[in-house]
2 protein chains.
Amino acid sequence: MNIITSLNKAFDSRVRLGIMSMLMVNESVDFATIKKELDLTDGNLSTHLLALEKEKYIGVKKQFINKKPNTSYTVTKSGEKAFKAHITALEEIIKKSFE
Amino acid sequence: MNIITSLNKAFDSRVRLGIMSMLMVNESVDFATIKKELDLTDGNLSTHLLALEKEKYIGVKKQFINKKPNTSYTVTKSGEKAFKAHITALEEIIKKSFE
C-alpha cells in the first residue's frame, strides 16, 4: 500500500471528478446540464459517463420530458463510497505534499 | 471557467500526483526511490516522468555514484506553482462535493 494505490484509477480524469462532484450534491443531473456545466463535447462526456456506469458508480435514467428524450444520472451507493474513499486518499496526498 | 478547467490535465494521473507529491517535499529523489515508493514498473514510471519533464514541471539530473549511473529528479519552480494551483482546484472540488 502506497500513497497512490489508495487513489481510484476510475477517478483519475478531471472530467470524472467533475461529474462525480456534481452528482454528489444533486439528486440527479441530466446530460445537457453536465455538458454545459463542465463545458464538454457530447462524445467526451458520453465516454466518461459510460466508464463510470460500467464501474456501477453512477446510474442512468432515460425518460421523455415533453416528448423529448431526457437522460439523467445519479450516483449509486457504491459510487458515493468509492468517491469518498478517493477524496480521502487525495487529501492524504495533499497533506503529504506540504509537510 | 468551470470546476474542472482549473485542474491541470498534466496531473490527472495518480502516478503523476504521487511523483509530484514526493518531489514537493524532497530536494531531489532518484528513479529507484520513486519506483520503489510508488511500486511502479520502469516503463510506467519513465513515461510519466518524461511527460512531467516535457511540461518543464520537473528537472532531471544524470550522474554517476560509485561508478553506477544515477538519475534523480527535482521539481522546478513552475512545477511547484502548477502543482499548488492544481491542489487548490482539487480542494475546491472536494469542498463542492460535500456542500
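Visitor: In what order do the elements of chain A run from the N terminus on?
Guide: The order is α-β-α-α-β-β-α, and this makes four helices and three strands in chain A. The elements are DSSP runs numbered from the N terminus, where a helix (H or I) needs at least four residues and a strand (E) at least two. This is a predicted model, in which local features need pLDDT of at least 70 and side-chain atom pairs count only at pLDDT 80 or more, while totals for chains, interfaces and linings use all residues. Residues are numbered from 1 along each chain as its sequence is written, and chains are lettered from A and ligands numbered from 1 in the order in which they are written.

Visitor: What makes E2(A) and E3(A) a pair?
Guide: Two strands pair if DSSP finds at least two bridges between them, and E2(A) and strand E3 (residues 68-75) of chain A are joined in the antiparallel sense over eight bridges. Among the bridge partners, Phe64(A) has Pro69(A) in E3(A), and Ile65(A) has Lys68(A) there. E2(A) and E3(A) also form a hairpin with two residues between them, and Asn66(A) in the turn has a positive phi of about 50 degrees.

Visitor: How do you know that E1(A) and E3(A) pair?
Guide: DSSP finds two bridges in the antiparallel sense between E1(A) and E3(A), and two is what the definition of pairing asks for. At one place in this pairing, Val29(A) stands opposite Tyr73(A) in E3(A).

Visitor: Why is one side of strand E1 and of strand E2 of chain A left without a neighbour in the sheet?
Guide: The sheet of chain A is open, with its three strands in the order E1-E3-E2. Strand E1 (29-30) and strand E2 (58-65) stand at its edges, each with a single partner strand, so each has one side without a neighbour. Helix H1 (residues 14-25) of chain A packs on this sheet and touches E1, E2 and E3, and its direction makes about 85 degrees with that of E3(A) (axes are lines fitted to C-alpha atoms, for helices over the stretch in contact, and angles run from 0 to 180 degrees between N-to-C directions).

Visitor: Which residues does Ile19(A) touch?
Guide: Two residues are in contact if their C-beta atoms, placed from the backbone, lie within 7 Å. Leaving aside residues up to four places away in sequence, Ile19(A) touches Ile34(A), His48(A), Leu49(A) and Leu52(A).

Visitor: How many residues does each chain bring to the contact?
Guide: Chain B gives 27 residues and chain A gives 26 residues. On the side of chain B, helix H1 (14-25), helix H2 (31-38) and helix H4 (77-97) each supply at least two residues, and the largest share, eight residues, comes from H1(B).
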